[in-house]
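Thanks, everyone. Please have the sequence and the model open.

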Amino acid sequence: MAQLDTREKLAILADAAKYDASCASSGTSKRNSVGGKGIGSTEGMGICHAYAPDGRCISLLKILLTNSCIFDCHYCINRKSSNVRRARFTAQEVVNLTLAFYKRNYIEGLFLSSGIIASSNYTMEQLVEVARSLREDHDFRGYIHLKTIPDADPELVRLAGLYADRISINVELPTTQGLKRLAPEKSEPQIEGAMLGMKGAIEDGKDARKKYKSAPNFAPAGQSTQMIVGADAATDADIVGKASTLYNRFSLRRVYYSAFSPIPDASAVLPLQRPPLMREHRLYQSDWLMRFYGFKADEVVSAADVTGMLPLDIDPKLAWALKYREYFPVDVNKASREQLLRVPGLGTKAVERILRSRRFRTFTLDDVARLTVSIAKMRPFIVTSDWRPTLLTDKADLKRWIKPEKHQLELFAA
């Protein structure tokens, strides 16, 4: 490997990290350096790289420790057989970069992953050393997200949880067959075993904090994972089902979906084109339905077509409502929270406002319109004090009537 300066390494390893989607920094505990104690904060504002659920912009230094790897996963641009320019940071270089970027107000935290060099344990030791040095040597209180290696020693993974806010262990692909075909050196039981161990460690950490105030925080932002979409033959139904299983078995904070992107010198077993980005978007919407709207995985999947794919032209909530019209229309002045959450166009905040306000007033259609972006999409599915859809809900061409129109954007529009 040719000698590279820090700027050249950063250019290579920051670009190599762009394929990892799981870098949102929501859910961690609040820390800051007010009063001159420590360095960094999980609450500051700066260059935006990720959004927290409350709308805060969190800037992260998102890099790989190295893009060299002893594995040869077909879908990965950094695989062993790939003809890409290689680079590698030392642990101390990553520490210095993180501190330098923070002091210039470029970042609020670090997202660190790596290819596997020498061995899984050696690579994991380097990742842990970065987090340890930031926390212990420099009292860094910003956000740290570490991508761990499933087959590394469990003690190393445990140490990572002591220093990092969030831990990620990627399942890579939604099906066992896809993983065996495209990443034969990785093992699904090993990946899930590591996730189960992390779940247990997080729960033990929470119990310890309840009993002893001095107990350390263990991965306070929990664990997450990522699935690649479109690299294998998995359908949306497969992906939604897998995500639901992961949430239930491992108490994950997030499952991220990353649309496969064709890479240079790609293996012949990979598709030549990437899947539509809208497919990735629909999967995130399905994920939201399961996490925040009370939908079960089989209910989301029931909105898919006979091939197991969700429609791209409408969102999965609307697709479900069109398929199960017997549940509608819903009276917004009487319906339960669960019923309101299933109305297309009504979000969680709008539902909470309706539930709070209807104790003191009766909602009209205009009242509901002020809570949503598109009242047209909602009309066939709701009843208000001054509106009933009558036969609209049973229209055979209802989808065409409420489907969002496509508009050609103008580059130089005023």
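What you see is a predicted model. Average pLDDT for the protein is 87, and 87% of the residues score at least 70.

Next, the strands. β3 covers residues 60-64 and β4 covers residues 109-113; the two run parallel, joined by five bridges. As one example of the pairing, Leu61 has Leu110 in β4 as its bridge partner. Between them comes the helix of the unit: β3, helix α2 at residues 91-103, and β4 form a β-α-β unit, and it is right-handed. Is β3 enclosed or open? Four of its five residues are buried, so β3 is largely enclosed by the rest of the structure.

On to the core. The largest nonpolar core contains 112 residues, and Tyr75, Leu112, Tyr257 and Phe381 have the most contacts inside it. Taking Phe381, its contacts outside the four neighbouring places in sequence include Leu318, Leu322, Phe328, Val343, Leu398 and Ile402. Pro329 and Pro344 are also among them.

Last, a polar residue. Ser120 sits in helix α3, residues 120-137. Its relative accessibility is 10%, so Ser120 counts as buried. Which side chain does Ser120 meet in a polar contact? That of Asp151, at 2.9 Å. Beyond four places in sequence, Ser120 also touches Ile149 and Ala152.

How values were computed
Residues are numbered from 1 along each chain as its sequence is written. This is a predicted model: local features need pLDDT of at least 70, side-chain atom pairs count only at pLDDT 80 or more; totals for chains, interfaces and linings use all residues. Side-chain values use heavy atoms; hydrogens and water are left out. pLDDT is the predictor's confidence in each residue, from 0 to 100. Buried means under 20% relative accessible area, exposed over 50%, partly exposed in between (1.4 Å probe, protein chains only). A polar contact is a pair of N or O atoms within 3.5 Å; within protein, one must be able to donate a hydrogen and the other to accept it, and residues adjacent in sequence count only if both atoms are side-chain atoms. Contact means heavy atoms within 4.5 Å. A nonpolar core is a set of buried Ala, Val, Leu, Ile, Met, Phe, Trp, Tyr and Cys residues joined through side-chain atoms within 4.5 Å. Two strands pair if DSSP finds at least two bridges between them. A crossover is right-handed if, with the strands pointing away from the viewer, the path from the first strand over the helix to the second runs clockwise.
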